[in-house]
Amino acid sequence: MARSFRLFVCCSLVAAGLLLGAAEAAAGPARSVVQTLNATFIEVMKNAAALGYAGRYKTLAPELANAYDFPEMARVSAGRYWRELTDAQKQQLTDAFAAYSVATYAARLDGFGGERFEVLGEQPAPADNVRVDNRIVQANGQPIRIDYLLHRRAGEWRIVDVYLKSSVSELAVRRSEFTSVLAKQGFDGLIAALNAKVAALEQGAAAGD
């Protein structure tokens, strides 16, 4: 009986170890997505002046496209209106969403003051997603949490939401903004609004470079 119990415990521990190993293997690439993104941000910040806004945009665009699931983020941001769009409109909204996202980063990452990014860990999230806990530590040592929610798309981990200060969902804010414009101004109004935001970010950043 004792031997059987010990064998049962041993097998259970082995199984648990295998499951944990599988979970870590699955979650590990999620962390690496954020680490790669952090490294890109630091590099862009250090070379911000030399790159200028246009150079920062050009550098960030492919990196963000690899890290983020812009089609899914555009879908969620459009809410119930997404079902009413044609395939061409869905692609147009996805492109406008991506352009606005890249422009926002290109405008914000306009210099380096000794900041550093730190990945604090990762944890399971609903629907087989993973949340990567992350922060930027300013030169004065003051940390600001910027966490990421990732899901799998075509076998790759992609970011689908950003949590500012661990609680404010950027996607929820976008959904509120987008659905409000869609309700009042329709699809063309939303595209025009996004294009105007991109133009304003470009003009503001160019003036500061």
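# Five helices, five strands

The protein has 5 helices and 5 strands. The model is predicted. Along the sequence, the elements follow the pattern α-α-α-α-β-β-β-β-β-α. Of the 209 residues, 40% count as buried. The protein exposes about 11600 Å², and carbon and sulfur atoms supply 56% of that area. Among contacts with a separation of 6 or more, 56% join residues 24 or more positions apart.

The 5 strands form an open sheet in the order 1-2-3-4-5, with antiparallel pairing. Strand 1 and strand 5 (168-169) stand at the edges with a single partner strand each, so one side of each has no neighbour in the sheet.

Start at strand 1, residues 116-125. This strand pairs with strand 2 over 9 bridges, in the antiparallel sense. Arg116 has Val137 of strand 2 as its bridge partner. The hairpin of strand 1 and strand 2 has 3 residues between the strands, and Ala127 there takes a positive phi near 65°.

Next comes the pairing of strand 2 with strand 3 (residues 143-153). These two strands run antiparallel and are joined by 6 bridges. They also form a hairpin, with 5 residues between them. Gly141 in that turn has a positive phi of about 90°.

At the other end of the order, 2 bridges join strand 4 (residues 156-164) to strand 5, again antiparallel. Leu164 stands opposite Val168 in strand 5.

## Arg131, a charged residue in strand 2

Arg131 lies in strand 2. Its relative accessible area is 18%, and the cut-off for buried is under 20%, so Arg131 counts as buried. Across the pairing, Arg131 stands opposite Leu149 in strand 3. Its side chain makes a polar contact of 3.1 Å with the side chain of Asp147. The Arg131 side chain also reaches the backbone oxygen of Ser166 at 2.8 Å. Beyond its neighbours within four places in sequence, Arg131 is in contact with several residues, including Gly121, Glu122, Tyr148 and Tyr163.

## Helix 3 and its cover

Which residues of helix 3 are buried? They are Phe70, Glu72, Met73, Ala74, Val76, Ser77 and Ala78. Their cover includes helix 2 (48-67), helix 4 (87-108), strand 3, strand 4 and helix 5 (170-208). After helix 3 comes Gly79, which has a positive phi near 60°.

## The nonpolar core

In soluble globular proteins, nonpolar side chains tend to be buried together. Here the largest nonpolar core has 53 residues. Tyr68, Leu93 and Tyr148 touch the most other members. Setting aside residues up to four places away in sequence, Leu93 touches Ala74, Ala78, Trp82 and Phe178, among others.

Helix 5 also holds Gly186. At 22% relative accessibility, Gly186 counts as partly exposed. Gly186 and Tyr81 are 105 residues apart in sequence, yet their C-alpha atoms are 9.4 Å apart in space.

## Salt bridges

Side chains of opposite charge can pair when their charged atoms come close. The structure holds 12 salt bridges. The table lists some of them.

| Pair | N to O distance |
|---|---|
| Arg153 and Asp69 | 3.3 Å |
| Glu72 and Arg75 | 2.7 Å |
| Glu84 and Arg80 | 3.7 Å |

Arg153 and Asp69 form a salt bridge that links distant parts of the chain, 84 residues apart. Arg153 is in strand 3, and Asp69 is in the loop between helix 2 and helix 3. Arg153 is partly exposed at 37% relative accessible area, whereas Asp69 is buried at 0%.

Glu72 and Arg75 are 3 residues apart in helix 3, so about one helical turn separates them. Arg75 is partly exposed, with a relative accessible area of 36%.

In the pair of Glu84 and Arg80, Glu84 is exposed at 54% relative accessibility, and Arg80 is partly exposed at 46%. Elsewhere, salt bridges that share partners join Arg131, Asp133, Arg145 and Asp147 into one network.

Methods. Residues are numbered from 1 along each chain as its sequence is written. This is a predicted model: local features need pLDDT of at least 70, side-chain atom pairs count only at pLDDT 80 or more; totals for chains, interfaces and linings use all residues. Side-chain values use heavy atoms; hydrogens and water are left out. Two strands pair if DSSP finds at least two bridges between them. Helices (H or I, at least four residues) and strands (E, at least two) are DSSP runs, numbered from the N terminus. Buried means under 20% relative accessible area, exposed over 50%, partly exposed in between (1.4 Å probe, protein chains only). Contact means heavy atoms within 4.5 Å. Accessible areas come from the Shrake-Rupley method with a 1.4 Å probe; for residues, only the protein chains shown count as cover. A nonpolar core is a set of buried Ala, Val, Leu, Ile, Met, Phe, Trp, Tyr and Cys residues joined through side-chain atoms within 4.5 Å. A polar contact is a pair of N or O atoms within 3.5 Å; within protein, one must be able to donate a hydrogen and the other to accept it, and residues adjacent in sequence count only if both atoms are side-chain atoms. A salt bridge is a side-chain nitrogen of Lys or Arg within 4 Å of a carboxyl oxygen of Asp or Glu.
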